[in-house]
Amino acid sequence: MQLRKHNIERQQQENFDVLVIGGGINGAASAAALAGKGVRVALIDRGDFAGSTSMHSSNLVWGGIKYMESHDFPLVRKLCKSRNHLIKHFPSTVKEIRFLTTIAGGFRYHPRYLWAGSWLYWLIGNGFTRIPHYLSPAGIKDREPIVDIAGSVGGFEYSDAYLHDNDARFVFNFVRSAMDRGCAAANYVESLGAKRDGQDWVTQARDVMTGETFEIRARVLINAAGPYVDQHNALSGESTEHQHVYSKGIHLIVPQLSEHQRVLAFFADDGRLFFVIPMGRRTCIGTTDTRVDSPEVQVTDDDIRFVLDNINKRLTLQAPLTRDDIISTRCGVRPLAVKASSGGDRDFLQLSRKHVIDIDASTHHLSIFGGKLTDCLNVGDEVVAAVQELGVEVPYADFVWYGEPGREVREEFFHQARLMRLDAMASHHHEALSTRLWRRYGAQALDMLEEIREDPRQAEVLIEGTEYLRCEIRQAQRREMITRLEDFLRRRSKISLVVSAEEVRNAPGLREACEILFGDEAKAKLEEYLTSPLAQDAAEVLSDDSHADNPAHSESLKWR
């Protein structure tokens, strides 16, 4: 909590070159790029970092193969290059994975036509991944026995990428990178609107946790509020060329369905892509694509029925999946950028996730519309270029602001881990402990090795049923701005996604974790979590009036 308090004090006392409003992937990448290149930057989010769209994705980093059908080849090219860049610079986090796509008889394209398209997709992506393969129905069954090939006329397998950890963790690492390079970032700080005062923007901010209001001054204001960009522009009197329309998507997290590390892709009953995505000892299934008028969404019975019906039709499981198999849900909106003059009348399902940055040079204001995880490095670089055009000095313009630590640091970490037999301390884990710590914490993992050497108890799993160690909780307390317990359980980690709410509530180490994270406030923070919808079992909250894992419904976080 000291880190957050200190950064809020800085926000009140300093004048910044740039204030970024919104800590989703667009805002986090913008702040990381600006701070890395020496710009004085502040970042605020009215909830937690990655607390909205950025924590409800499919965890896929892909080149947009679905945009091949609409012949948007420039966008596919751009996204493929971005995917390749992420795989190259984040090799522990962003990994290539095979997609096995099954085509049913009567589909609008023959599987050989789609297979040929996957070769074009591979070529557009510079042949960076493994080559595609055409598969007969029998070949599909050989690769993935749980696929129901009755009615299938074939399929194909190709490569894209995915996030090994959860999306929100990936986003937070950009925020942490920005803070390491001087950014004054704070979660649960709400913008009440901004106005021009001479050459500066003055933003009225409110600490959501205390109710205290204060001002933040910056030369440039970046609206990266995700699905709430339009609402914040209205607060600040900004008119833009683009606006958002919204697509709601849900995923269900269920027990592991396949031991194979590949994504299963199908076309659902309505013709849209539908995925079965590995998530360690769990499986993520979905998604839906429903047009909605507001970013405030929830999981409904119809959503659940659609996902379960589609998955049960396409897999041969020992028993069909039911609501009782649902461990948790993801529910959010995709903000899709459209020209304001169009009124969003284009074919909704053909809209892409491409990002657009509207720049008002007269007021030094940027609005970031659309976007997705795959495109984050482009967003960061484009924002730096735009800020520089507006007259802000960028002292270290050539600095590479993204990527994992260098080879020497990595080799030193793994050498120390081998010397202390780290992996043998947690041989029951899903993956090697050294691999996991490096992926999540990078260079900071070296400090965790030192903690374990000093006190071997730091290598013990603290919250039963998870793989999180006592030293990881300490790391979160020091460096990850955990303000509410859900920040750790749902976003810095994926515990509440893959462990049932009942198991989390009853885990013996949960109270000790709260004591490490919150000190004297531990009891109150635990009670706050246990009485929230997030601490209920999925079966208890999955109804038409539920808020199902959607903290955007917190009254204190609504736009005024």
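## The nonpolar cores

The largest nonpolar core has 69 residues, and F275, L485 and F488 touch the most other members. Helix 17 (residues 510–518) gives this core its largest share, five residues. A nonpolar core here is a set of buried Ala, Val, Leu, Ile, Met, Phe, Trp, Tyr and Cys residues joined through side-chain atoms within 4.5 Å. Buried means under 20% relative accessible area, exposed means over 50%, and partly exposed is in between (1.4 Å probe, protein chains only).

Look at L485. Beyond its neighbours within four places in sequence, L485 is in contact (heavy atoms within 4.5 Å) with L510, C514, L517, F518, K525, L526 and Y529.

## About the model

This is a predicted model: local features need pLDDT of at least 70, and side-chain atom pairs count only at pLDDT 80 or more, while totals for chains, interfaces and linings use all residues. Residues are numbered from 1 along each chain as its sequence is written, and side-chain values use heavy atoms, with hydrogens and water left out.

## The whole chain

The protein chain holds 19 helices and 18 strands. Both are DSSP runs numbered from the N terminus: helices are H or I with at least four residues, strands are E with at least two. The radius of gyration is 23 Å, close to the 24 Å that the globule rule gives for 560 residues, so the chain is as compact as a globular protein of that length. That radius is taken over C-alpha atoms, and the rule is 2.2 Å times the number of residues to the power 0.38. Along the principal axes, the C-alpha atoms fill a box of roughly 65 × 60 × 50 Å.

Of the 560 residues, 60% count as buried. Take the contacts with a separation of 6 or more: residues 24 or more positions apart account for 74% of them. The chain exposes about 22200 Å², and carbon and sulfur atoms supply 49% of that area. Accessible areas come from the Shrake-Rupley method with a 1.4 Å probe; for residues, only the protein chains shown count as cover.

## A buried strand residue

I277 sits in strand 13 (residues 273–279). At 3% relative accessibility, I277 counts as buried. Setting aside neighbours within four places in sequence, I277 is in contact with S58, L60, V263, R282, T283 and C284. The C-alpha atoms of I277 and I253 are 9.5 Å apart, and the two residues are 24 residues apart along the chain.

## A patch on the surface

F73, L120 and L123 form a nonpolar surface patch with about 260 Å² of accessible area together. Patches are made of residues with over 30% relative accessible area and no salt bridge; like charges are joined within 9 Å, and nonpolar side chains (Val, Leu, Ile, Met, Phe, Trp, Tyr) within 5 Å. L123 belongs to helix 4 (residues 111–124). Its relative accessibility is 53%, so L123 counts as exposed.

## Salt bridges

Side chains of opposite charge can pair when their charged atoms come close. A salt bridge is a side-chain nitrogen of Lys or Arg within 4 Å of a carboxyl oxygen of Asp or Glu. By this rule the count comes to 45. D48 and R492 meet in one of them, at 2.8 Å from N to O. D48 lies in the loop between strand 2 (41–45) and strand 3 (60–61) and R492 in helix 14, so the pair ties together parts 444 residues apart in sequence. Both D48 and R492 are buried.

E157 forms a salt bridge with R262, with the closest N and O atoms 3.1 Å apart. E157 is buried at 3% relative accessibility, and R262 is buried at 16%. Salt bridges that share partners also join D165, R281, E431, R436, R439, R440, E467 and E472 into one network.

Most residues other than glycine have a negative phi, and most peptide bonds are trans. Y188 has a positive phi, near 55°. Y188 lies in the loop between strand 7 (184–187) and strand 8 (189–197), and is buried at 2% relative accessible area. M481 also has a positive phi, near 50°. M481 sits in the loop between helix 13 (470–479) and helix 14 (485–492).

The peptide bond from G286 to T287 is cis, with omega near 20°. T287 lies in the loop between strand 14 (282–286) and strand 15 (290–292).
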